Amino acid sequence: MSRISRRVFMRHGAVAGGAALALPALGGWAGEAFAAEPTAAEAVAAAQLVKVTPDDPRYASLVAGANGRWVGTPAYVLVASTTDQVVQAVRETLAQGLRFAVRSGGHCYEDFTSHAGIRVLIDISAMNTVGHDAARRAFAVQPGARLGSVYETLYKNWGVTLPGGTCPSVAVGGHIPGGGYGPLARSHGVTVDHLYAIEIVTVDSASTVKKTIATRESNDPNRELWWAHTGAGGGNYGIVTNYWFRSPAATGSDPAQLLPKAPRELIISEVAFSWNGMTEAAFSRLLRNFTQWYETNSSATSPYAKLFSALKPRHRSAGEFLLTSQIDAGVSNADKLLDDHLAAMVAGTGLTYRVDTRKRVDWLYNVLNWPGLGGSGFEGKGRFKAKSAYLRKTLPDAQIKAFWKHLTRTDYDNPAALVEIAGYGGAANVLSATATATAQRDSIIKMLFVNLWATEAEDAKNLRWNREFYRDVFAATGGVPRPGGVNDGAFINYADADLADPALNTSGIAWSTLYFKDGYPRLQAAKAKWDPKNLFTHALGIRPA
């Protein structure tokens, strides 16, 4: 059996991924006039826009994203470094009647930034500063900033952090508006729980391109625009050029008190389960134990609220799979809590596991050196498909049976195929379902169904396995994780365009309900006000009412 590799997966995708902005074909674009001419300052800014055409050696890296299934072919790329440059890029592109997309980090799971009809790609990855804004008593983070840079800057300067995703190369631009989350979500909620304001470039009904700031303040006339960026996903209303973060309960002006304190040290654990000799009964008990533990310990006041773990059953052809865990080392009896958690996982299974890692590590080093998602077998596999589901209760027997069936299929042998069953709940469930656009506020688990492969020739069999697996797991609810029962819909940052395809989603449950539940009409109302021409949209974009 091969040793578990530490270099895996998220060159090609992100656990808490983020869709960027994109547009479908719109018949009314060509020849549109704009109500406002650029100011002198905007004209200077526009002159600094970098234009990259297909004959430029930089072009290939700018149009390729994390998912090798999608490579864009725009006529050119505009690299913007300031908000005024973004304004001018949008103005000029629309004036030419060209369809465009906007990209911050390139980790979109679907083709939202690389659709064949996109003629101009606006790249905002150069907008990547992170700092403290004293006037707003908040931290200003630009959309091109990578999570690793955000964590490092906030921690080294102020000792604080955001409870964001684990992949350090994911950019903030798409991660935040989808309600990004990570291992600290059980301790501190999801990222948007700390979002104070946004700056965004929009286009109004008169085709005027303008920039607006929207905050969470109750008297802000633009508050609904802020709310729409707390879980609707990217690419729906405009181009966000700045985010400001401050926890709702924060008081005073000391930056070190404005966001959650980062752990100084973690205790991390990685154990491996062998498929060799594993029975269906033992596997089923393991999955039941894991999800039942999270149902039992889902309270934000639980002594386990600062413990996060993820069970990652891979296809049997991999030989083994992992359970990774971490706990804030500053918690009283942290080692015992972790030991008790691991013991609860194997109780009644008859299983043993191999301990690959058990150590105390510096928190910052750990988040900057994330080892990846699931073990060996991922190297060189640049194409992938992902699906997601929230879980509100212990995994039911019928769903577990589908896990066993598809993870042990003998007609499919991809070792880079798995489900990440990740801990959730705790502080992520404190806010109400309407406080933000992240509507799933009583779940205990997030599941990511994902498989990676290397070549286009392998697309069909891998897409078929992923889709069949997902459909069978949720067979009792039409093949999708219906909200409000055992499950609670899907996570928009793990974008899955299948859910909006009537040929693939035959459940009768709208894709918008799966992602946004009862909040969708409110998102549509914000759409009507801030993007009345429906210029900013994609396969999972908010539709006009």
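User: How many bridges join strand 16 to strand 17, and do the two run parallel or antiparallel?

Analyst: Strands of a sheet pair through backbone hydrogen bonds, in either a parallel or an antiparallel manner. This is a predicted model. Here strand 16 (residues 417-423) and strand 17 (residues 445-453) run antiparallel and are joined by 7 bridges. Within this pair, Val419 stands opposite Phe449 of strand 17.

User: In what order do the 7 strands of the open sheet stand?

Analyst: The order is 14-11-13-12-16-17-15, with antiparallel pairing. Strand 14 (354-362) and strand 15 (383-391) stand at the edges; each has a single partner strand, so one side of each lacks a neighbour in the sheet. From one strand to the next, the twist averages 15 degrees.

User: Which strands does helix 9 lie across, and which does helix 12 lie across?

Analyst: Helix 9 (residues 334-346) lies across strand 11 (265-274), strand 12 (307-312), strand 13 (320-328) and strand 14, at about 150 degrees to strand 13. Helix 12 (residues 459-473) lies across strand 15, strand 16 and strand 17, at about 160 degrees to strand 17.

User: Which strands run parallel to strand 5 and are joined to it by bridges?

Analyst: Strand 3 (residues 76-79) runs parallel to strand 5, with 4 bridges between them; Val77 stands opposite Leu121 in strand 5. Strand 4 (residues 100-103) also runs parallel to strand 5 and is joined to strand 5 by 4 bridges. Val102 has Ile122 of strand 5 as its bridge partner.

User: Are the residues on the two faces of strand 5 buried or exposed?

Analyst: Both faces of strand 5 (residues 120-123) are covered. Val120 and Ile122 on one side are buried, as are Leu121 and Asp123 on the other.

Technical notes
Residues numbered from 1 in each chain as written. Predicted model: local features only at pLDDT ≥ 70, side-chain atom pairs only at ≥ 80, totals over all residues. Heavy atoms only, no water. Pairing = 2+ DSSP bridges. Axes fitted to C-alpha atoms, helices over the stretch in contact; angles between N-to-C directions. Contact = heavy atoms within 4.5 Å. Buried < 20%, exposed > 50% of the residue type's maximum accessible area, 1.4 Å probe, protein only.
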